[in-house]
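Here is a short tour of one protein model. Please have the sequence and the 3D view open as you read.

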Amino acid sequence: IEKTIDRYYKYAKQVHTGRIDVQQYKEQLRYESTNLAKKIEILQNLQRKLQGQDLDSCSPEELNDIGRQLEIGLRNIKARKAHLFKEQIEQLQAKMENSLRICSHPMVQNKPPL
């Protein structure tokens with residue numbers, strides 16, 4: 001993304017000063033689009049493999065690597081879940097303590113029931 005922004009600023013400066021090589025700019029865009037298409041394809045293949053698709057073409061080393069990545073992801077998910085549960089328990093305990101404090105207040109104790 002930074003390269004795209006830099007390219008934009010360079011292009012904008014060239015347009016402003018009147019110095020622009022359109023052919024060179026088009027070639028640069030073609031090169032970048034080709035590289036992005038390759039990166040997208042690689043990421044899509046990795047995503048399919050992580051989802052358990054197209055594993056028959058993987059070597060044992062690749063399968064071990066995918067297994068490690070999945071284990072790390074699972075560990076991260078479990079840690080996040082534990083953290084969220086801990087926060088939720090702390091919030092519920094705080095509410096409970098607040099409720100107990102309110103119920104034990106003398107004004108609340110002497111109030112007749114509705």
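Lining the largest pocket are I1, K3, T4, R7, Q28, L29, Y31, E32, N35, L36 and K39. A pocket here is an open set of points on a 1 Å grid with protein on both sides within 12 Å along at least five of seven lines, and lining residues have an atom within 4 Å of a point. The space inside is about 310 Å³. Helix 2 gives the largest share of the lining, seven residues.

This is a predicted model, in which local features need pLDDT of at least 70 and side-chain atom pairs count only at pLDDT 80 or more, while totals for chains, interfaces and linings use all residues. Residues are numbered from 1 along each chain, and side-chain values use heavy atoms, without hydrogens and water.

Helices are DSSP runs of H or I with at least four residues. Just after helix 2, G52 has a positive phi of about 90°.

The structure has four salt bridges, each a side-chain nitrogen of Lys or Arg within 4 Å of a carboxyl oxygen of Asp or Glu. Among them are these:

| Salt bridge | Closest N to O |
|---|---|
| R30 and E27 | 2.5 Å |
| D65 and R68 | 3.8 Å |

R30 and E27 are three residues apart in helix 2, so about one helical turn separates them. Likewise, D65 and R68 lie three residues apart in helix 3 (residues 60-103), about one helical turn.

Terms used
Helix = DSSP H or I, 4+ residues; strand = E, 2+ residues; numbered from the N terminus. 1 Å grid on protein atoms, 1.4 Å probe; cavity = no way out; pocket = protein on both sides within 12 Å on 5 of 7 lines; lining within 4 Å. Points joined across faces, edges and corners; volume = space filled by probe spheres on them.
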